[in-house]
Amino acid sequence: MNNYSPAFHRHKSLKQEKNIMLPFSCYSPKLSLYILATCVILLMLLQIRSLHTVLPTSSSPLPSLSPSASWSLFQQWQNLVLNRTLAAASPVNCTQNPDSMNQKLRDSITFLPLKDLRFSNQPLDGHTWFMSSMYDTREEGEVQYQQFPSEPSKGRFLCLKGRDTHDGSWNYYALAWPEALPTNATLMKGLTFVSYNHYNYDNIWHGLSAVMPFVAWHRKNSCEKPTRWVLYHWGELRFKMGTWLNLLMEATFGQAPYIEEFNDVDDDQPVCFEKAVVMRHNEGGMSRERRMEVYDLMRCKARVYCNVSLDRRDSHERPDIGMTLLMRSGARSFRNETAVIGVFEKECKKVKGCRLMVAYSNNLTFCQQVKQMSLTDILISPHGAQLTNMFLMDRNSSVMEFYPKGWLKLAGVGQYVYHWIASWSGMRHRGEWRDPNGESCPYSDEDHRCMSFYKNGLLGYNETHFAEWARNVLNDVQTKRFEEEGTKNGTASMKTCDCN
């Protein structure tokens, strides 16, 4: 476990140190060769001239130079050329004072807005409006990220400035050489995770999507742990995670996440990081196999943290087939919960070893949710953030999802997020039921204003459809369970977690 204390080490004042003289010089080997060759040729020509005495003639009334005069002229010329050459080639004359050079590097640092308003209409396109001048490191099947210092950054540190929580264009970033950090900068030691979230850190689905790539980087890089987190939403600073997400990160990294608030830093004072990793594309670029490995790690760590068995065969509480109705209160809840529970309870009783469990996510602690999912083979729940808990079930578990009226046409691609996480975490999404009835919209069915009427609508039920759906899923799960027992190849046989 990392005993590094951010409270003790996080802020260290920048101390400017004198550096080794920078190797800048006007000296050029090629230029020296050219000058030397020219001197040799001129020397030969003047020596030949000095050996001949030219007598005066009618056509040449002026007397010729004597050999001694020619030789004297040559020596003067030679001394002049050599002195000029040595002066030009001298490194002392062309090398600048290292302190002066560092100051020039320091003065050349340009801070740019974290939120680039030029891309305000397309914030997630390309390389996003967050740190828009930077490009991610991309590796086949791996998470996209930026790391500082690194080869792409030419060894420069990431520096941030500003503490605005309302407008990301008033927060800034820049890169700086370690020996020429911005004036009055504070250098923060250790590894810093810098997270960009287009939504928020309170909703467990959106929060998990933002931090999951850091777990992927952690797993791939010798399980290195962060000293601190810096959280951004649209370039605006955020100072907390939701409780569920905070505890999941504590379980995963073995230490509570320290969220940097820059309390000891002035608004216009730069902060630079000894090592920083930036994520802004969620799971973008990751292969399905890599995503499943990361979800396996978080599932395993959460169970260890909550003292829940890693292997279903070691749990005396676990039924042969666990069916959980994970209910919501308020928006997108069932109008008649008793009737819905009755339908699934009836079908569960028909299958030997099946147990129906009813739970409300808002009444469960984090560890209670972890334990409930460890007992669940079939998760039944309306569309909503509580479905994020599905990755805490064993691989190949099943999910049944319910939508209110109007979602199919108006909710957009985001309505399929729990199809995606089911696939990414190794679960099996068994389809959905969409309520054909519900509140009426005063506009046409295609009008997007209707979504405000449908988004939080209540759910009805269809006894016949629900019973047949439950029966099919139960029969399939029972069949696979028999096959697993016959081959002794159960899906949950973890004994230890990665990154122990």
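**Pockets and cavities**

Colleague: How many cavities of 30 Å³ or more does the structure hold?

Modeller: This is a predicted model. A cavity is a space where a 1.4 Å probe fits but cannot get out. With the cut-off at 30 Å³ or more, the count is 2.

Colleague: What is the volume of the largest cavity, and which class leads its lining?

Modeller: The largest cavity has a volume of about 60 Å³. Its lining includes Leu160, Arg163, Tyr232, Phe262 and Asp267. By class there are 2 polar, 4 charged and 5 nonpolar residues. The volume is about 60 Å³, and the leading class is nonpolar.

Colleague: Which elements give two or more residues to the lining of the second largest cavity?

Modeller: That cavity has a volume of about 40 Å³. Among its lining residues are Arg228, Trp229, Met249 and Phe253. The elements are strand 7 (228-233) and helix 7 (243-253).

Colleague: Which element gives the largest share of the lining of the largest pocket?

Modeller: About 960 Å³ of space lies in this pocket. It has 36 lining residues, and Tyr199, Trp205, His206, Gly414 and Val417 are the closest to its centre. Strand 6 (186-197), helix 6 (204-220), helix 11 (407-410) and helix 12 (417-424) each give two or more residues. The largest share, 4 residues, comes from helix 12.

Methods: Residues are numbered from 1 along each chain as its sequence is written. This is a predicted model: local features need pLDDT of at least 70, side-chain atom pairs count only at pLDDT 80 or more; totals for chains, interfaces and linings use all residues. Side-chain values use heavy atoms; hydrogens and water are left out. On a 1 Å grid over the protein atoms alone, a cavity is a set of points where a 1.4 Å probe fits but cannot get out, and a pocket is an open set with protein on both sides within 12 Å along at least five of seven lines; lining residues have an atom within 4 Å of a point. Grid points are joined across faces, edges and corners, and a volume is the space filled by probe spheres set on the points. Ala, Val, Leu, Ile, Met, Phe, Trp, Tyr, Cys and Pro count as nonpolar, Asp, Glu, Lys and Arg as charged, and the others, Gly among them, as polar.
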